[in-house]
Amino acid sequence: HLSLPVVLGSIVTIVYNLADTYFIARTGNALLIAGVSLCAPLFMILMAFGNIFGQGGSSLISRLLGKQEYDSVSRVSSFCFYIALAAGAATGAALLILRDPFLKLLGSSPDTLPYARDYCMVLLFGAPLIVVNFIHMNLLRCEGMSGLSMLGTATGAAVNIILDPIMIPGMGAAGAALATVIGYACSDLFLLAVVLRRSRHL
């Protein structure tokens, strides 16, 4: 009941990350594909920040629920939510300032840099939405709502996959990134609605 949705949610996350590459590959532009692929470590950085507070917070909340310290659960979940937004904003701002040196460090060449820059710019502006997605996705599992957590992730992935073929032809790398950020925003709204309507303690 609890583990299968977690596994399926992880599979959806993998599909989420591959969707952009798949639709960009259909353009046949090797430089565009390379530019977007170079930004994969950026995703890993944002996911790492999200999981620091999402998985760390869920571990603490599970123990607090066991002790029936419900006021502390509320405080910890609020802290995780706001610190994730702050971490996403700070990371996005820092990497926007250091954008070109960061992309060159990842291996961008003069040919791939414009595509990587377009993708990176949109992604960094949406960094708070991406980081905070991992908070409620993890915390809802503490209250046994793994299925709803997975559904939230799947909602974002579906939106991303629907928008990719619409946005990529006209906007290129920026369109792929925008589709991703909108997908995460939809997932965030779904998970936040679940927390506000269904959760007893978060």
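Let's start with Y22. Its relative accessibility is 47%, so Y22 counts as partly exposed. Keep in mind that this is a predicted model.

Now the ring pairs. How many aromatic pairs are there by the rule used here? The count comes to two. One of them joins Y22 and F23. Their ring centres sit 5.0 Å apart. Their planes meet at 75 degrees, so this pair is edge-to-face. The cut-off for that label is over 60 degrees. And F23, buried or exposed? F23 has 18% relative accessibility, so F23 counts as buried. The buried cut-off is under 20%.

On to F81 and Y82. These two form an aromatic pair as well, and that pair is edge-to-face. Centre to centre, the distance is 5.1 Å. The angle between the planes is 75 degrees. F81 has a relative accessible area of 18%, so F81 is buried. Y82 comes out at 57%, so Y82 counts as exposed. Exposed means over 50%.

Last stop, S149. Where does S149 lie? S149 is in helix α8, which covers residues 146–171. Its relative accessible area is 0%, so S149 is buried. Which residues does S149 contact, leaving aside neighbours within four places in sequence? They are M137, L140, R141 and L191.

To recap. Y22 with F23 is edge-to-face. F81 with Y82 is edge-to-face. S149, in helix α8, is buried at 0%.

Technical notes:
Residues are numbered from 1 along each chain as its sequence is written. This is a predicted model: local features need pLDDT of at least 70, side-chain atom pairs count only at pLDDT 80 or more; totals for chains, interfaces and linings use all residues. Side-chain values use heavy atoms; hydrogens and water are left out. Helices (H or I, at least four residues) and strands (E, at least two) are DSSP runs, numbered from the N terminus. Buried means under 20% relative accessible area, exposed over 50%, partly exposed in between (1.4 Å probe, protein chains only). Contact means heavy atoms within 4.5 Å. Rings of Phe, Tyr and Trp (its six-membered ring) pair if their centres lie within 6.5 Å; planes under 30 degrees apart count as stacked, over 60 as edge-to-face and the rest as tilted.
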